[in-house]
Amino acid sequence: MGDHVWIGDGVTIIHGVAIGANMIIGSGSVVTRPIPANVVAVGSPARVLCEITDTDKTGYRP
């Protein structure tokens, strides 16, 4: 598992699946295959919802 990964409540990650760095896995997701770095993944099975860009990393802006 990479650094700076946020894992939501109730997530299941199948043994041996690679998780990239700087990513978010949504609550209740089931990770059954490798997930690349810098993305948001959700669902069952988990799929990439969107990429996390440099703009997203600068902080929250209302």
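In strand β5, the residue that bridges to Ile24 is Val40. Strands here are DSSP runs of E at least two residues long, and helices are runs of H or I of at least four, with numbering from the N terminus. Two strands count as paired if DSSP finds at least two bridges between them. The model is a predicted one, so to speak of local features takes a pLDDT of at least 70, and side-chain atom pairs count only at pLDDT 80 or more, while totals for chains, interfaces and linings use all residues. Residues are numbered from 1 along each chain as its sequence is written, and side-chain values use heavy atoms, with hydrogens and water left out.

The sheet comes next. β3 and β5 run parallel and are joined by 2 bridges. β5 also pairs with β6, this time in the antiparallel sense and over 4 bridges. Put together, 4 strands make an open sheet in the order β1-β3-β5-β6, with mixed pairing. β1 (5-7) and β6 (47-51) are the edge strands, each of them pairing on one side only. On average, neighbouring strands of this sheet are turned by 15 degrees against each other, direction ignored. That angle is taken between axes, which are lines fitted to C-alpha atoms (for helices over the stretch in contact); angles run from 0 to 180 degrees between N-to-C directions.

As background, most peptide bonds are trans, and most residues other than glycine have a negative phi. His4 has a positive phi of about 60 degrees although it is not a glycine, and Asn22 has one near 55 degrees. His4 sits in the segment before β1, whereas Asn22 lies in the loop between β2 (12-13) and β3. With a relative accessibility of 63%, His4 counts as exposed; Asn22, at 30%, counts as partly exposed. The cut-offs are under 20% relative accessible area for buried and over 50% for exposed, with partly exposed in between (1.4 Å probe, protein chains only).

On to the inside of the model. In soluble globular proteins, nonpolar side chains tend to be buried together. The largest nonpolar core has 11 residues: Val5, Val11, Val17, Ile19, Met23, Ile25, Val31, Ile35, Val39, Ala41 and Ala46. β3 (23-25) and β5 (39-42) each supply at least two residues of this core. Such a core is a set of buried Ala, Val, Leu, Ile, Met, Phe, Trp, Tyr and Cys residues joined through side-chain atoms within 4.5 Å. Setting aside residues up to four places away in sequence, Met23 touches His4, Val5, Trp6, Ile35, Pro36, Asn38, Val39, Ala41 and Ile52, where contact means heavy atoms within 4.5 Å.

Ile7, in strand β1, is partly exposed at 39% relative accessibility. Not counting residues up to four places away in sequence, Ile7 touches Met1, Ile13 and Ile25. Ile7 and Gly26 are 19 residues apart in sequence, with 6.6 Å from C-alpha to C-alpha. Cys50, for its part, is in strand β6 and is partly exposed, with a relative accessible area of 36%. Beyond its neighbours within four places in sequence, Cys50 is in contact with Val39 and Val40. The C-alpha atoms of Cys50 and Pro34 are separated by 15 Å, and the two residues lie 16 residues apart along the chain.

Last, the pocket. The largest pocket has about 240 Å³ of space, and its lining is made up of His4, Trp6, Asn22, Met23, Ile24, Val40, Cys50, Glu51, Ile52, Asp56 and Lys57. β3 and β6 each supply at least two residues of that lining. On a 1 Å grid over the protein atoms alone, a pocket is an open set of points with protein on both sides within 12 Å along at least five of seven lines, and a cavity is a set where a 1.4 Å probe fits but cannot get out; lining residues have an atom within 4 Å of a point. Grid points are joined across faces, edges and corners, and the volume is the space filled by probe spheres set on the points.
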